[in-house]
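Have a look at the structure below, then read on.

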Amino acid sequence: MPKYIHQLPEWPQFEWNLENLSRQLATVRHRQGRLFGHMQALGFPLRQEAILKTLTEDVIKSSEIEGEILDRQQVRSLIARRLGIEAGAVLPADRNVEGVVEMMLDATQKFDESLTDERLFGWHAALFPTGRSGMTRIVVGAWRDDKSGPMQVVSGPLGKERVHYKAPAAERLDPEMNAFLDWFNGGEDIDPVLKAGLAHLWFVTIHPFDDGNGRIARAIADMMLARSEDSPQRFYSMSAQIRLDRKAYYDILERTQKAPDLDVTPWLDWFLQCIDRAVGGAEETLSDVLFKAEFWKQHEGETFNDRQRDMTNRLLDGFDGKLTSSKYATIEKCSPDTALRDINDLLRRGILRREAAGGRSTSYVLRE
């Protein structure tokens with residue numbers, strides 16, 4: 001008996017029970033429309049800020065799922081620069097940050113263009129500009145060749161590995177990917193939201209690259225979700241929600257890929273619920289954007305030096321970790337004494353407050 005769905009004779013003829021999914025699909029579609037309407041009513045500057053915050057979160061969380069931590073400010077600065085959004089000082093970005101951002105923007109801003117093997121190769125090359133994944137040399141900008149062994153998803157210590165999944169052999173990749181791309185670009189009568197879920201599952205099941213398959217699968221899903229809304233404007237992040245639900249995400253993928261048939265109703269049900277939660281999470285993004293706008297409105301006319309303004313914006317955008325005077329000095333490239341003077345000034349004006357712990361561990365947050 002076949003162990004994985006790609007070994008079934010009817011592969012890749014997916015089936016699903018639309019009646020069981022229709023209510024959840026209608027809920028997602030309604031919430032998508034309502035969110036889009038709310039965001040359009042914000043006005044251009046706030047809408048741009050919401051898009052920037054969402055795309056930044058999407059890039060960061062998609063990489064976090066794979067265990068890679070990106071610098072938030074680099075990601076935000078690069079996205080803003082690429083989209084022509086004014087977002088403070090321009091920061092230099094690492095090559096790996098540039099690659100993830102370029103892939104995500106290409107997928108969402110050019111959602112209506114065909115997905116081709118060359119486009120996927122470009123995304124993959126952008127993700128791995130050195131031709132390596134960590135210390136390991138990999139095939140970049142082309143389908144994997146399996147010269148180092150079959151493509152497997154494995155966990156556990158050496159000698160006690162657990163194989164979660166084994167992908168199709170390399171010699172199958174050309175016909176497999178041709179079938180996938182023909183379907184993705186075709187005009188089949190499937191709701192684009194469901195098609196996003198099917199595309200994610202199909203691509204990650206083929207696992208055509210040596211590495212980066214998860215990030216590219218999520219970019220493909222985002223591309224189809226943009227098609228479902230007929231807009232490049234992104235106001236919710238699937239990757240951020242998947243990061244929160246990471247264990248459930250891997251569990252449902254493994255169960256689906258090891259199912260005895262091609263009925264993917266449970267996977268699509270999970271995918272729709274994930275989108276629903278992601279759209280709900282966008283309300284937090286909206287709240288943050290409005291809070292930031294209100295903050296600067298309240299402090300309009302007050303004097304902030306460039307360091308103070310930059311650090312305040314970092315705190316408003318979601319500062320990673322705790323702000324200390326030494327971090328302030330490092331980030332703003334100033335002396336410890338200058339950093340402390342800036343902080344004390346913000347404390348005196350009621351913009352910052354000290355957190356409870358003192359001494360060497362003294363940290364600061366925005367006053368609510």
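The largest pocket holds about 1,200 Å³ of space. Rolling a probe the size of a water molecule over the atoms shows where empty space is left. Here, a pocket is an open set of points on a 1 Å grid over the protein atoms alone, where a 1.4 Å probe fits, with protein on both sides within 12 Å along at least five of seven lines; lining residues have an atom within 4 Å of a point. Grid points are joined across faces, edges and corners, and the volume is the space filled by probe spheres set on those points.

Before going further, keep in mind that this is a predicted model: local features need pLDDT of at least 70 and side-chain atom pairs count only at pLDDT 80 or more, while totals for chains, interfaces and linings use all residues. Residues are numbered from 1 along each chain as its sequence is written, and side-chain values use heavy atoms, with hydrogens and water left out.

So who lines that pocket? There are 44 lining residues, and M151, Q152, H207, D210 and D211 lie nearest the centre. By type, the lining splits into 14 nonpolar, 15 polar and 15 charged residues. (Ala, Val, Leu, Ile, Met, Phe, Trp, Tyr, Cys and Pro count as nonpolar, Asp, Glu, Lys and Arg as charged, and the others, Gly among them, as polar.) Helix α10 gives the most, six residues; helices (H or I, at least four residues) and strands (E, at least two) are DSSP runs, numbered from the N terminus.

Now for the rings. The structure holds 20 aromatic pairs, meaning rings of Phe, Tyr and Trp (its six-membered ring) with centres within 6.5 Å; planes under 30 degrees apart count as stacked, over 60 as edge-to-face and the rest as tilted. Take W11 and W202: their planes stand at 75° with the centres 6.3 Å apart, so this pair is edge-to-face. It ties together distant parts of the chain, since W11 sits in the segment before α1 and W202 in helix α7, 191 residues apart. Both W11 and W202 are buried, that is, under 20% relative accessible area with a 1.4 Å probe, protein chains only (exposed is over 50%, partly exposed in between).

F180 and W183 make a tilted pair, 6.1 Å centre to centre and 40° between the planes. These two are three residues apart in helix α6, so about one helical turn separates them.
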